[in-house]
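Colleague: I would like to go through this model with you, one point at a time. Please show it first.

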Amino acid sequence: GVIADAALFGYLEANLNACLTLEPDAVSRIVADSAACKARVVSVDEREGGLRATLNFGHTAGHAVEKAVGYRRLRHGEAVSIGMVVAARIGVRLGMTPAPVAERIEALLVRAGLPVRVPAGLEPAGLVASTAYDKKALDGAARWVIATDIGHVEYGVSVPPDIVETALRELGASA
């Protein structure tokens, strides 16, 4: 389903420097549009059982990375940035995320100065095991939010552990 305005993503791509230097017009636009998007989702689903879960794009792997580094080495947003790239790579492997979409997500995060690689020394199987404790997990297995296009996701996706591990290894996790 639609969770965000693809136009906002495009605006960020085109105006990232203005956003990062906190130009008032740019900040007003991204804050207002982001808040409106979240308000639309929350008004439809006040609990996290359905559509609202889509707001957690990047959080499944992000929380696992945060936990593994002890919540000190990364800010929450940095961990979610890594998690978004992990989810995008998983989506490509599942045939759900077109490669150009994954590339756009990663490129914008890199341009914003956010991390997109798993910190050194984190073991893939341990990170996968940690996702089972995610609040969206069902029966001990993570449920992923996977982008199908810019502004569109599927949520509640079950992903085989080997696909998660492969994506994590691609991004720097190692045994």
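This is a predicted model: local features need pLDDT of at least 70, side-chain atom pairs count only at pLDDT 80 or more; totals for chains, interfaces and linings use all residues.

Colleague: How many of the residues of helix H3 are buried?

Modeller: Helix H3 spans residues 59-68. Buried means under 20% relative accessible area. The helix is largely enclosed by the rest of the structure, because the buried count out of its 10 residues is 7.

Colleague: Which residue with a positive phi follows H3?

Modeller: Phi there is near 80°. The residue that follows H3 with this value is Gly70.

Colleague: Now to Leu22. Where is Leu22, and what is its phi near?

Modeller: Leu22 sits in the loop between helix H1 (6-20) and H2. Most residues other than glycine have a negative phi. Leu22 is a residue other than glycine, yet its phi is positive, near 60°.

Colleague: Is Leu22 buried or exposed?

Modeller: The cut-off for exposed is over 50% relative accessible area. Leu22 has 61%, so Leu22 is exposed.

Colleague: Is Ser81 buried or exposed?

Modeller: Ser81 belongs to helix H4. Its relative accessible area is 1%. Buried means under 20%, so Ser81 is buried.

Colleague: How many disulfides does the structure hold?

Modeller: A disulfide needs a pair of cysteine sulfur atoms within 2.5 Å. Cys19 counts as buried, at 8% relative accessibility. Cys37 also counts as buried, at 9%. As for disulfides, the number in the structure is 0.

Colleague: What is the relative accessible area of Val42?

Modeller: Val42 lies in helix H2 (residues 24-44). Partly exposed falls between the buried cut-off of 20% and the exposed cut-off of 50%. Val42 is partly exposed, because its relative accessible area is 22%.

Colleague: What separates the C-alpha atoms of Val42 and Ala53?

Modeller: Along the chain, Val42 and Ala53 are 11 residues apart. Their C-alpha atoms are separated by 9.6 Å.

Terms used:
Residues are numbered from 1 along each chain as its sequence is written. Side-chain values use heavy atoms; hydrogens and water are left out. Buried means under 20% relative accessible area, exposed over 50%, partly exposed in between (1.4 Å probe, protein chains only). Helices (H or I, at least four residues) and strands (E, at least two) are DSSP runs, numbered from the N terminus.
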